Amino acid sequence: RQAITAVWSAARTLSTETAMAQVDRWMNRASLLLLPPRCLVCGEPGASGRDLCADCHADLPWNRACCRRCGLPMALAAEICGDCLTALPPFSRTFAPLRYGFPVDRLLLRFKFHGDLACGRELAALMRVAGTGAELPQALVPVPLHPARLRQRGYDQALELAKALGRSFSLPVLDRALHRHRATGAQSELDAEARRRNLRGAFASVATWLPAHIALV
């Protein structure tokens, strides 16, 4: 209680722009004292103040060898893969620090479909660590859910990730830059080509201005 009171007392002396980031860090420290971290995968005590134990953290499938253009895992890291050479994507870089394998697959499913926002915070923390020192965009643009899906789920997982990353890297989050004007079928039930067809024409830019370098989340 004293720690939380001290946080808000100090926050009043900070500018509005820096206060939230500072409060976020202090609240994290206070929460570690009140609620010691537990591993989200196996339930063992978390390591290094994280919600992953040392063993599950060691099992993380880092995507270090991949195509820098599309993020596709490869035997060796390369600027561009054969698929991108055949059909050049409309984006210049993909930041995909983790492959879809254990335990990331479990964390993603719980975050996206079961309302487990703690898994989202841990995924954002892993992305923050992997992104340290990388070239940063000027802004983050989350890809929005359709309003019907948002009502059903209660939160937008892309927006939650973008907000956490925005705080970590001091980047603006342009959450109204895109509009999803068409509901689509579940992507999880489709292969790669069907996913592309499913999303074709589903989004429109409604921003009057965007910076030159943005990252879609």
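# Burial and helix packing in a predicted model

Reader: Why is Ser48 called exposed?
Author: Ser48 has a relative accessible area of 76%. Exposed means over 50%, buried means under 20%, and partly exposed lies in between, with a 1.4 Å probe and protein chains only. Ser48 is therefore exposed. The residue is found in the loop between α2 and α3. The structure is a predicted model, in which local features need pLDDT of at least 70 and side-chain atom pairs count only at pLDDT 80 or more, while totals for chains, interfaces and linings use all residues. Residues are numbered from 1 along each chain as its sequence is written, and side-chain values use heavy atoms, with hydrogens and water left out.

Reader: What makes Ser170 count as exposed?
Author: Ser170 reaches 65% relative accessibility, and so it counts as exposed.

Reader: Is Arg50 buried or exposed, and how do you know?
Author: Arg50 has a relative accessible area of 19%, and it is therefore buried. Arg50 lies in the loop between α2 (16–34) and α3 (54–58).

Reader: Which residues does Arg50 touch?
Author: Leaving aside residues up to four places away in sequence, Arg50 touches Pro37, Glu122, Ala125, Leu126 and Val129; contact means heavy atoms within 4.5 Å. Arg50 and Leu40 are ten residues apart in sequence, and their C-alpha atoms are 9.5 Å apart in space.

Reader: Why is α5 called oblique to α6?
Author: The axes of α5 (residues 104–113) and α6 (residues 117–131) cross at roughly 130° and come within 7 Å. That makes α5 oblique to α6, because angles under 35 degrees count as roughly parallel, over 145 as roughly antiparallel, 65 to 115 as roughly perpendicular and the rest as oblique. The crossing of α5 with α6 is left-handed.

Reader: Which residues form the contact of α5 with α6?
Author: Val104, Leu107, Leu108, Arg110 and Phe111 of α5 meet Leu117, Cys119, Gly120 and Leu123 of α6. By class, the contact of α5 with α6 has seven nonpolar residues, one polar and one charged. Gly counts as polar in this scheme, and Cys as nonpolar.

Reader: What makes α6 oblique to α8?
Author: The axes of α6 and α8 (residues 157–169) cross at roughly 40° and come within 9 Å. That angle makes α6 oblique to α8. α6 passes α8 in a right-handed crossing. The contact joins Gly120, Leu123, Ala124, Met127, Arg128 and Gly131 of α6 to Leu161, Ala164, Leu165, Ser168 and Phe169 of α8. These residues divide into seven nonpolar, three polar and one charged.

Reader: What is the peptide bond from Phe102 to Pro103, cis or trans?
Author: The bond is cis, with omega near -5°. Pro103 lies in the loop between α4 (82–86) and α5.

Reader: How many helices and strands does the chain have, and in what order do the elements run?
Author: The chain has nine helices and four strands, where helices are DSSP runs of H or I with at least four residues and strands are runs of E with at least two. From the N terminus on, the order is α-α-α-α-α-α-β-α-α-β-α-β-β.

Reader: What share of the chain counts as buried?
Author: Of its 217 residues, 31% count as buried. The accessible surface of the chain is about 13900 Å², and 56% of that belongs to carbon and sulfur atoms.

Methods: Axes are lines fitted to C-alpha atoms, for helices over the stretch in contact, and angles run from 0 to 180 degrees between N-to-C directions. A crossing is left-handed if the near helix is turned anticlockwise from the far one by less than a right angle, and right-handed if clockwise. Accessible areas come from the Shrake-Rupley method with a 1.4 Å probe; for residues, only the protein chains shown count as cover.
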